Amino acid sequence: MVISIDSSMLLGYYQAKAGLPVTYSDGTTSSVITPKVAPTAPWTSQVTPQQASANVTAALAGHKIIDENAAKLDLSGASADYKKLFALYQGLGTLSDMATQIKASGVSSISKTQLQKAFLTGMSEMSSYISSADFDKLRLVQGDANTSAKSTLTVPKAATQYITPPLATSATDATAAFEGDVRFNIKVTRVNQTYDIPIDLSQMPEQTRSVANVVNYVNDQLSAAGVETRFGTSRTAGVAQEIKVGTKTVTLPAGPDQWALKVTIGTSETVNFSAPQTAGAVYLAQQVGDADPDDNTKTSDSTIRQQLLKFQTDTQDVAAPLQGSGQANWVDGRVFAKALDSAVGTVHAQTVGPDGSVYMLADVTGTVAGQGIKGTQDVALMKYDAAGKLIYTRTLGAASTATGLSLAVSADGKVAVGGSVSGALNGSTDGALNSGTTGSNAGQADSFVTLYDDDGQELWTQRRGARQDDQVNQVAFGADGTVYVAGQTKSAMPGGGAAQGDWDGYIEAFATDANRKVSTLFTQGFGTTGADKPKGMVIDGTSIVTASVEGGRAVLRRFDISSGAPVETANRDLGDLEGGDIAGLALDSNGQLVIAGTTANPQLSVDTVSSAASGGTDAFAARIAADLSINASDRLAYYGGSGDDKASALAVSNGKVWIAGTAGTDLPGEAPVGTQDGFLANLDVDSGAVDWSRRFTGTSGKAAPTAIAIAPTGSSVLDRLGLPSGDLTLDESKQLSAVSALRAGDQFTVSKSGAPASTVTIDQGETFETLMLKIQRASNFSVKMSVVATTDGQKQLKLEPAYPGAVVTFGPGKGDKDGLSQLGIPEGVLRATTTNAAGATVPADGKSNIYGLGLESDLNLSNADQISHAMAVLANAQGMIRTAYKDLVAAATPKSQLNAAAAAAALAKSGAVPAYMTNQISNYQAALDRLVGDTTTTTTDPTLTLFGITS
């Protein structure tokens with residue numbers, strides 16, 4: 001009988017004697033037998049689809065997603081930390097299963113709503129559990145665990161330079177913009193001293209009027225005047241362009257460099273440009289492009305964009321504007337066409353301020369000029385200079401959805417905007433800004449009006465709401481600065497009297513006292529039992545005049561407000577619009593009212609018709625007495641062709657009536673250009689004549705004007721140079737609410753380890769500097785704060801632990817008041833770390849390790865992008881729990897066993913047995929051969945017993 005020693009048995013004996021984990025082999029596979037130091041983790045077995053579905057069903061039924069009792073441990077006496085980690089892991093899995101289920105095809109809208117609600121409930125439960133769970137050997141935070149952090153919110157660097165659009169493709173060649181009679185004035189003000197510097201290019205030396213030569217000439221004049229402001233050149237390198245040729249992409253060679261003027265403003269100087277000869281200008285906002293070019297709703301190929309256009313309407317004394325190179329859809333008289341940011345939606349209103357700048361009110365669905373939004377749609381007030389350069393953007397900061405419908409600018413430069421808002425609109429409680437809580441009607445649209453100062457800083461916001469939907473349609477200033485609004489509501493406005501039926505109109509007034517306290521002077525409803533919608537409003541002394549579509553008819557109402565309470569003194573019905581609408585109402589310089597709109601009715605109720613209707617729907621403009629009486633001077637002019645023409649905007653200036661809209665088939669004297677053209681016309685209502693008009697189109701042959709504004713002296717030779725008339729304005733606001741969607745009243749929490757959380761509230765006028773002090777105080781000065789520059793020179797907030805043992809937790813504000821996400825400061829813990837003797841990175845406070853799950857408080861399943869984001873975040877959080885478990889296991893394993901495991905791993909990898917052990921095995925085998933030489937004898941030997949062999 002031959003008995004050989006199993007090498008794996010001897011290896012096991014060797015490992016046992018050496019204190020290594022015992023390796024057992026069956027000849028084909030091997031495994032390591034180690035003492036169990038931790039319970040088996042739930043992720044060792046995969047959750048079946050049936051289990052996942054059952055977990056989601058339980059959550060939908062209202063059961064908690066975190067259940068420590070359901071987290072079973074298969075090791076007696078194991079730390080309770082494991083049970084908590086396992087319960088969290090399974091809860092995160094349930095949330096992930098919800099995201100997977102809502103993403104599946106065929107899920108009904110009702111089921112999606114239920115899943116979204118259950119997900120939010122689960123996230124709330126998760127937050128509560130994490131904040132209250134008491135771990136023994138680790139620390140867990142919902143957010144991130146960082147050693148330093150920077151805000152993603154940045155404040156623009158102080159601008160000192162103004163760069164015009166490109167003027168030439170060479171700095172030394174003759175430039176068309178400088179040809180002819182080019183004269184303008186530069187006024188530089190410094191420390192209450194003004195320098196007037198005339199520039200006349202005809203006085204240049206006999207040389208080419210190139211960009212470089214003109215810059216040198218202008219700088220000579222500035223230097224001679226003793227000012228620091230200087231002109232310069234700005235070069236933009238040509239870049240290669242890619243175009244589609246059939247199915248192939250072709251790269252074209254780089255185009256030529258482009259050269260522009262650059263104005264560098266001197267220290268403590270302000271710069272103003274003017275020209276001796278000016279012309280009228282019209283600014284027009286329009287939508288161009290096709291929402292569905294391929295007529296397939298399943299493809300996302302919309303070419304819709306918003307544009308700002310400027311027209312010079314008189315070239316008798318001022319050189320005509322140049323046609324820019326490569327300008328699409330150019331039409332005679334157009335100075336420029338600026339494409340607005342892709343996140344800018346419909347431009348509802350536009351006006352020219354006393355400084356000659358253009359104010360625009362639009363809906364926005366994403367980041368514009370670096371400013372993000374909180375909800376799905378917000379309101380943006382945008383200010384442009386006369387050259388079309390964006391000066392600033394101010395978003396409202398609505399938490400859900402807002403629409404801006406009207407704006408007005410006062411004589412001293414204040415700006416009022418109004419519209420509708422759903423969801424929260426936070427505000428301070430100091431009286432300057434009113435709180436924007438939504439109350440019991442949070443799901444309804446409410447009216448809002450916001451007042452900004454002449455620098456674009458918010459002064460106050462008023463929100464008013466009925467039980468059902470309501471909105472502000474019109475806003476205007478009184479001579480004393482009172483803000484008046486006209487709107488529509490589906491139910492009675494508070495203090496406005498009883499509802500009339502369907503939509504009603506209402507008027508309201510707000511005044512501000514010396515302490516910036518805002519009071520409501522009155523609220524008054526009006527209308528009929530039908531659908532009534534105010535579409536125009538003017539202030540005439542101590543009277544308000546409104547123009548509304550009431551039951552489909554154009555109706556004007558005059559209210560006397562001299563007593564403090566509105567009293568309707570007159571009304572006038574202009575007749576059935578027959579499906580048309582009112583585009584606006586204005587007060588002429590001679591004290592008459594001008595109303596414009598669209599109608600299919602060729603016989604509106606104005607006695608004298610200066611221009612007859614042409615068929616289909618026509619634009620119209622009527623001039624009537626301000627007291628609404630029937631007067632011999634009343635006039636009505638229709639404008640249009642045989643097709644359907646629609647007026648969408650009205651502006652009146654210096655007795656001239658301007659209307660804009662969309663053209664049908666034909667227009668007087670204007671040939672079709674695209675498939676859906678826009679038009680702009682100066683209509684002489686008294687005679688019915690068209691003094692000036694243009695028909696134009698846009699991308700995909702479609703254009704639809706939405707708002708116009710008039711600047712009587714807004715055009716000049718400065719347009720050719722790309723320089724703005726008036727003050728050279730650069731937005732230098734440092735207020736956080738002016739450069740982001742943050743609002744006064746937004747909050748977040750800060751807590752030093754072991755101390756209760758302190759709430760930090762954003763105040764009106766908050767800056768990085770004032771916020772730093774608030775955070776330091778809230779953290780008991782455990783955070784080191786600084787303002788640092790980004791790579792492009794913008795400013796952002798940097799946060800670091802103030803000392804090694806500092807541990808500071810940042811948490812979001814409640815609900816819609818969260819300011820942490822707007823600041824872009826990571827939610828979670830800020831702490832210092834150090835390296836221990838073993839080379840591991842550990843918290844510098846000497847306590848247990850901190851694990852950040854990276855779970856954002858506002859995770860949701862509201863759309864496909866949010867679902868994908870949530871799934872990624874949840875997976876990352878589960879990964880962090882696995883890391884925490886791994887570290888717990890390592891900490892619970894004896895050091896000798898860890899070392900032995902490492903040695904066993906090396907042994908298994910190399911397959912080598914120490915030489916002395918090989919020799920011992922050989923000796924054991926030889927002894928065994930001798931002992932079993934006599935197969936008829938049973939021998940018991942201590943050596944064999946050692947190996948469990950009896951022979």
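In the predicted model, D731 touches I391, Y392 and R394, residues up to four places away in sequence being left out of account. D731 itself is found in the loop that runs between strands β43 (726-727) and β44 (747-752). The relative accessible area of D731 is 26%. Because this value falls between the limits of 20% for buried and 50% for exposed residues, D731 is classed as partly exposed.

A helix pair was examined next. The axes of helix α2 (residues 49-60) and helix α3 (residues 80-103) come within 9 Å and cross at roughly 95 degrees. Since angles of 65 to 115 degrees count as roughly perpendicular, α2 and α3 are therefore roughly perpendicular to each other. Helix α2 contributes A52, N55, V56 and A59 to the contact, and helix α3 contributes T94, D97, M98 and Q101. By residue class, the contact of α2 with α3 comprises four nonpolar, three polar and one charged residue.

At the level of the whole chain, 12 helices and 52 strands are present. Of the 951 residues in the chain, 48% are buried. Among contacts between residues at least 6 apart in sequence, 62% join residues at least 24 apart. The chain exposes about 42400 Å², of which carbon and sulfur atoms supply 48%.

Methods
Residues are numbered from 1 along each chain as its sequence is written. This is a predicted model: local features need pLDDT of at least 70, side-chain atom pairs count only at pLDDT 80 or more; totals for chains, interfaces and linings use all residues. Side-chain values use heavy atoms; hydrogens and water are left out. Axes are lines fitted to C-alpha atoms, for helices over the stretch in contact, and angles run from 0 to 180 degrees between N-to-C directions. Helices (H or I, at least four residues) and strands (E, at least two) are DSSP runs, numbered from the N terminus. Angles under 35 degrees count as roughly parallel, over 145 as roughly antiparallel, 65 to 115 as roughly perpendicular and the rest as oblique. Contact means heavy atoms within 4.5 Å. Ala, Val, Leu, Ile, Met, Phe, Trp, Tyr, Cys and Pro count as nonpolar, Asp, Glu, Lys and Arg as charged, and the others, Gly among them, as polar. Buried means under 20% relative accessible area, exposed over 50%, partly exposed in between (1.4 Å probe, protein chains only). Accessible areas come from the Shrake-Rupley method with a 1.4 Å probe; for residues, only the protein chains shown count as cover.
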